[in-house]
Amino acid sequence: MRKSKFVKLKLRHASFISRALLSTRHPVLAHLIPMRRCNLACGYCNEYDHTSSPVPLDVIKRRLNKLADLGTSIVTISGGEPMMHPELDDIIHHIRQRGMIAGLISNGYYFTPERIKRLNKAGLEHLQISIDNVEPDAVSRKSLRVLDKKLRYLSEYADFHVNINSVIGGGIKNPEDALSVARRAVELKFSTTVGVIHDNDGTLKPLSTKEKDVFQQVKKLGNKDHARLNWFQDSIAEGKPYQWRCRAGARYLYICEDGLVHWCSQQRGYPGIPLDDYTMADFDREYNSEKWCAPTCTLQCVHQVGILDNWRDPQQAPGLTKPESSLKDTIHEVLRAE
Ligand code: SF4
Ligand code: SF4
């Protein structure tokens with residue numbers, strides 16, 4: 001990524017963080033699904049099919065316009081595999097035209113020099129690729145051996161921020177693969193994070209001793225970037241619940257291919273209201289509602305959004321709550337990672 005673009009992106013981050021700290025009444029991050037279809041079939045995944053068609057561009061633009069009107073800061077395109085959408089560049093361009101930060105989550109299979117240059121031109125700002133193992137196996141083919149060439153292309157041509165996420169848990173055979181992935185990411189000058197993943201029934205499994213050891217080593221490699229915000233994972237890795245305020249349905253939105261708002265990929269159906277009809281009354285209800293799934297939640301991006309408001313506005317529902325942190329603590333935590 002060019003230095004001048006990097007500095008501009010940092011300034012844009014600083015601006016959305018200040019805006020989010022000053023006002024709670026807009027979404028910070030939305031994940032938008034332009035197509036459920038994927039070229040892979042990872043054993044732990046419940047977010048893909050092999051048959052669905054791309055959502056038409058005009059429908060996606062309407063959804064993006066609604067997100068912009070709600071004041072959304074960041075839109076990340078996810079899937080399925082969003083690189084299979086034939087009009088992905090136009091989608092990214094529209095996000096930027098509406099003044100929002102444009103992100104993409106991909107399995108990495110479709111990156112070529114030509115494709116990366118087109119994404120530069122469209123205005124992509126963030127890319128995340130999750131790599132599950134070194135050699136492909138029955139659970140996952142998102143493998144370093146297969147994707148290394150794509151990573152080298154990205155290192156050479158991408159004019160956007162690239163984060164490589166490695167994973168622990170969920171049936172991944174060799175936990176030490178996460179360390180190889182993180183080391184390669186650092187070598188190529190990408191940022192790196194590590195995620196604890198679910199089994200395909202969506203439940204959390206405590207990490208084994210070996211997995212915990214690798215997890216701590218990988219976290220150290222990524223300690224200068226977003227991984228710093230993920231201390232909730234220490235509790236999850238120990239199999240202990242973590243108390244926090246999930247603001248899904250408000251500060252974080254998950255918009256499926258049918259245009260419905262859901263709390264997140266793992267809680268589809270709640271509230272299940274069309275984005276076109278989503279109002280600030282819906283936003284306020286979800287902002288103030290405690291989520292029953294929060295203590296064992298492993299979704300890094302929703303946790304990170306939650307940090308912005310963890311110090312204020314207790315949610316309505318019985319249950320344990322984390323001791324209050326202060327605005328000063330929050331600003332410190334967010335700035336340290338950004
Ligand atoms: S590549 Fe991503 S969306 Fe596709 S099956 Fe694997 S985890 Fe699911
Ligand atoms: S706590 Fe986690 S799983 Fe539950 S709604 Fe929030 S993000 Fe989704």
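Student: Is Asp 58 buried or exposed?
Tutor: Buried means under 20% relative accessible area, exposed over 50%, and partly exposed in between (1.4 Å probe, protein chains only). Asp 58 reaches 57% relative accessibility, so this residue counts as exposed.

Student: What kind of model are we looking at?
Tutor: Residues are numbered from 1 along each chain as its sequence is written, chains are lettered from A and ligands numbered from 1 in the order in which they are written, and side-chain values use heavy atoms, leaving out hydrogens and water. Local features need pLDDT of at least 70, side-chain atom pairs count only at pLDDT 80 or more, and totals for chains, interfaces and linings use all residues; this is a predicted model.

Student: Where does Asp 58 lie?
Tutor: Helices (H or I, at least four residues) and strands (E, at least two) are DSSP runs numbered from the N terminus, and the protein chain has 11 helices and 9 strands. Asp 58 and Ile 91 are 33 residues apart in sequence, yet 9.5 Å apart in space, C-alpha to C-alpha. The element spanning residues 57-69 holds Asp 58, and that is helix 2.

Student: How much of the protein chain is buried?
Tutor: The protein chain has 338 residues, and the buried share of them is 56%.
Among its contacts (heavy atoms within 4.5 Å) between residues at least 6 apart in sequence, 75% join residues at least 24 apart. Back to your question: the buried share is 56%.

Student: How are helix 6 and helix 7 arranged?
Tutor: Axes are lines fitted to C-alpha atoms, for helices over the stretch in contact, with angles from 0 to 180 degrees between N-to-C directions. Helix 6 (residues 177-187) and helix 7 (residues 209-221) have axes that come within 9 Å and cross at roughly 5°. Angles under 35 degrees count as roughly parallel, over 145 as roughly antiparallel, 65 to 115 as roughly perpendicular and the rest as oblique. This makes helix 6, relative to helix 7, roughly parallel.

Student: Which residues of helix 6 meet helix 5?
Tutor: Helix 5 and helix 6 pack at about 10° with axes 12 Å apart, and they are therefore roughly parallel. Helix 5 brings Leu 144, Asp 148 and Arg 152, and helix 6 brings Ser 180, Val 181 and Arg 184.

Student: Which glutamine is among the residues around ligand 2?
Tutor: Near means that a heavy atom lies within 4 Å, and the shell around ligand 2 has 9 nonpolar, 1 polar and no charged residues. The glutamine in the loop between strand 8 (260-262) and strand 9 (271-274) is buried at 15% relative accessible area. Cys 246 and Trp 244 are among the residues surrounding ligand 2, and so is Gln 267.

Student: How many disulfides does the structure hold?
Tutor: A disulfide is a pair of cysteine sulfur atoms within 2.5 Å. Cysteines do occur around ligand 1, including Cys 38, Cys 42 and Cys 45, and Cys 38 is buried at 13%. The number of disulfides is 0.

Methods
Nonpolar A, V, L, I, M, F, W, Y, C, P; charged D, E, K, R; others polar.
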